[in-house]
Amino acid sequence: MTHAHDPKKTGVAYGIAAYAAWGVAPVYFKAVAHVPPLEVLAHRIVWSIVLLVLLIFLRRQWSTIATVARKSATMLTLCVTTILIAVNWFAFIWAVAHDQVLQASLGYFINPLVNVLLGYMFLRERLRPRQIGSVALASVGVLTLTLSYGHVPWLALTLAGSFAFYGLLRKTANVEALVGLTIETSILAPVALGYLIYVGAKGEGTFRAESIQVDVLLMAAGIVTAVPLIWFTNAARRLRLATLGFLQYLAPTGHFLLAVVAYHEPFTRTHLVSFSCIWAALLIYSLDMRRALRDARPSLPE
């Protein structure tokens, strides 16, 4: 007797795989930390487009891309999201290369709360009292770090803000994840390839200049980018948004543990206060989301 696959269990497995992969991504970027961040970004774009084009070919989605390309408003939005995702990728690569994984973790922890704020500001989504409290508590955490550093934690805010605005605009564009990322990466690819050719011609490029191991690592940037996205897309098709929202905390948790345990970045009492505020805010936010979904669920007749 055969049993049908449970789509929810499959979705959870895909979701865990995607966010766990993103959570250990600093390990990869540490391995290429000696390569200038801009060059790593260019390789990430170039090798990603190779994989993404292959996936589009296998899924026979060229017609979908052509349809999207004919929509000028959608393409304009994707041009903006292209800039945002490039900024996000570069900031994360820079963070890992400069021993700022802890601040990157902070950025992705506060990202869901920035999403809530943007939803209120741009989509006129009403904030429930607990959501207001969670955003305020997160703000206290960021302010604590700001006062400790003597300056605003721009790296964390850049990561959170760029990805939050990216998500906001991609939501309005209404383009499937793989198709949208392929178009965005295609916009970036000529510039990235041109940059790699330029630094190679000047004798300043890393590719084919050091060792085969480094070349393989740089080529693997496409896999590091595309494979978790495929897993995420498969998860998103099977799971509720609330479940995905809960799983997304796996990634910054991985960053946090790597930063403190593996890379021995300083974790002071101020960090503890700040992160405690963020974690408490996320707990309040998650419980509020769970309660809202439970209340919205239609009751079944007895």
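Asp99 counts as partly exposed in this predicted model, since its relative accessibility is 47%, a value that lies between the limits of 20% for buried and 50% for exposed residues. Asp99 is placed in the loop between α5 and α6 (101-122), and its phi is near 55 degrees, which is a positive value in a residue other than glycine. A positive phi is also found at Arg208, where the angle is near 65 degrees and the residue is again something other than glycine. Arg208 belongs to the loop between α9 (177-201) and α10 (212-219), and with a relative accessible area of 73% Arg208 is exposed.

From the loop that holds Asp99 one can turn to α5 itself. Helix α5 (residues 72-97) and helix α8 (residues 154-173) have axes that come within 9 Å of each other and cross at roughly 155 degrees. Because angles over 145 degrees count as roughly antiparallel, α5 is roughly antiparallel to α8. The crossing of these two helices is left-handed, and the residues in the contact of α5 with α8 divide by class into 16 nonpolar, 7 polar and 1 charged.

One aromatic cluster is formed by Tyr28, Phe29, Phe92, Tyr108, Phe163 and Tyr166. Across the whole structure, a search finds 17 aromatic pairs. Such a pair of rings is described by the distance of the centres and the angle of the planes. For Phe256 and Phe275 the ring centres are 5.3 Å apart and the planes stand at 50 degrees, so this pair is tilted. The pair links distant parts of the chain, with Phe256 in helix α13 (residues 250-262) and Phe275 in helix α14 (residues 269-296), 19 residues apart. Both Phe256 and Phe275 are buried.

Finally, Ile65 gives an example of two positions that are separated in sequence and brought together in space. Ile65 is found in helix α4 (residues 62-69), and because its relative accessible area is 15%, Ile65 is buried, the limit for that class being under 20%. Between Ile65 and Ile183 there are 118 residues of separation in sequence, whereas their C-alpha to C-alpha distance is 7.5 Å.

Note on methods:
Residues numbered from 1 in each chain as written. Predicted model: local features only at pLDDT ≥ 70, side-chain atom pairs only at ≥ 80, totals over all residues. Heavy atoms only, no water. Axes fitted to C-alpha atoms, helices over the stretch in contact; angles between N-to-C directions. Helix = DSSP H or I, 4+ residues; strand = E, 2+ residues; numbered from the N terminus. Parallel < 35°, antiparallel > 145°, perpendicular 65-115°, else oblique. Left-handed = near helix turned anticlockwise from the far one by under 90°. Nonpolar A, V, L, I, M, F, W, Y, C, P; charged D, E, K, R; others polar. Phe/Tyr/Trp six-rings, centres within 6.5 Å; stacked < 30°, edge-to-face > 60°. Buried < 20%, exposed > 50% of the residue type's maximum accessible area, 1.4 Å probe, protein only.
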